[in-house]
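The structure comes first, then the notes.

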Amino acid sequence: MGIEVVVEGLTKSFGRQNIWQDVSLTLPAGEVSVMLGPSGTGKTVFLKSIIGLLKPEQGRVLINGVDMVNSPERDIYETRKLFGLMFQDGALFGSMSLFDNIAFPLREHTRKKESEIRRIVMERIDIVGLLGAEGKLPGEISGGMRKRAGLARALVLDPQIILCDEPDSGLDPVRTAYLSQLLIDLNAQIDATMLIVTHNLDIAATVPDNMGMLFCRNLVTFGPREVLLTSDLPVVSQFLAGRREGPIGMSEEKDAAELAAERSLGPAPAGPRTVVPQLEPSPGLPVRQGALRRRERVHAMMGQLPDAARAAIMRSYTPTVGGARP
């Protein structure tokens with residue numbers, strides 16, 4: 001089972017530029033979470049801060065009692081072994097075969113025999129659907145296959161926490177749909193805590209149990225997916241609808257004059273409020289344990305949720321023709 005990640009009061013700057021401030025949230029154990037945000041809002045910086053590769057100026061990231069910001073380096077290094085990290089571009093070595101790329105963490109961080117390494121690597125290659133391609137170089141395969149190879153490499157050390165940095169970048173909508181299903185299937189199989197950083201609305205709408213959004217140096221919201229997907233906050237509505245009208249501009253936030261000019265033209269059109277069903281594991285795979293835990297957790301907090309989110313949750317858990325939703 002995955003491990004809970006508790007983020008408290010995290011603040012990060014580069015020089016005089018404040019990236020985000022006072023970010024607090026909890027990634028529930030074994031659940032899939034997504035962090036949204038316009039380009040340039042520090043989503044990748046947030047991932048690197050969680051794993052201890054960047055040092056925030058304030059706050060804590062607690063994992064199994066270890067603070068990834070302030071604990072001794074040896075404790076941070078050991079805790080980092082609980083993570084699997086999938087980079088934007090796959091970050092594969094161009095001169096190595098896919099097999100050797102995926103085997104690299106095992107050869108670097110363990111003393112396993114080559115026969116054991118081969119067994120583990122081929123299992124992971126099978127999970128991500130790359131059997132038969134293990135001898136190819138990264139330059140000989142598609143971008144979607146490189147993404148899956150990067151995911152396989154993130155899995156070889158049996159991580160309990162998986163961080164995915166824009167796994168959809170460079171993929172067409174069909175490949176993105178396959179990747180979304182793969183992430184859900186993976187969670188069903190290994191029950192790891194997962195955080196996916198993206199600005200892809202298809203992934204955001206169908207994959208996560210929980211969603212958050214970074215904008216204007218703050219965490220706008222984080223919680224059950226229905227809270228963000230039904231939110232009437234202007235920045236959330238604009239982002240989910242992909243509109244030009246709203247507080248998000250080309251650099252990040254619009255200035256007061258631009259917002260005033262928009263308001264003079266009347267209200268912006270409302271975005272879609274329909275919450276589409278979350279993806280289910282593929283046939284033959286086990287029920288996601290994270291989804292079962294999430295259901296209990298969300299039911300316990302129903303009284304604290306906005307009306308629209310509460311209604312969407314109730315609809316999602318209402319039995320339908322052909323069987324009950326999980």
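Helix H2 (73-80), strand E6 (83-86), helix H3 (98-109) and helix H5 (143-155) each give at least two residues to the lining of the largest pocket. Helices (H or I, at least four residues) and strands (E, at least two) are DSSP runs, numbered from the N terminus. This is a predicted model, where local features need pLDDT of at least 70 and side-chain atom pairs pLDDT 80 or more, while totals for chains, interfaces and linings use all residues. Residues count from 1 along each chain as its sequence is written, and side-chain values use heavy atoms, without hydrogens or water.

A pocket here is an open set of points on a 1 Å grid over the protein atoms alone, where a 1.4 Å probe fits, with protein on both sides within 12 Å along at least five of seven lines; lining residues have an atom within 4 Å of a point. The largest pocket has 16 lining residues, with Arg80, Phe83, Leu85, His109 and Leu157 nearest its centre. By type, the lining splits into 11 nonpolar, 2 polar and 3 charged residues.

Now for two helix pairs, with axes fitted to C-alpha atoms over the stretch in contact and angles from 0 to 180 degrees between N-to-C directions.

| Pair | Angle | Axes |
|---|---|---|
| H5 and H6 (residues 173-190) | about 15 degrees | 13 Å apart |
| H3 and H4 (residues 114-127) | roughly 125 degrees | within 10 Å |

H5 is therefore roughly parallel to H6 (angles under 35 degrees). Arg148, Leu151 and Leu155 of H5 touch Leu182, Leu183, Leu186 and Ile190 of H6, with contact meaning heavy atoms within 4.5 Å.

Definitions and conventions
Ala, Val, Leu, Ile, Met, Phe, Trp, Tyr, Cys and Pro count as nonpolar, Asp, Glu, Lys and Arg as charged, and the others, Gly among them, as polar. Angles under 35 degrees count as roughly parallel, over 145 as roughly antiparallel, 65 to 115 as roughly perpendicular and the rest as oblique.
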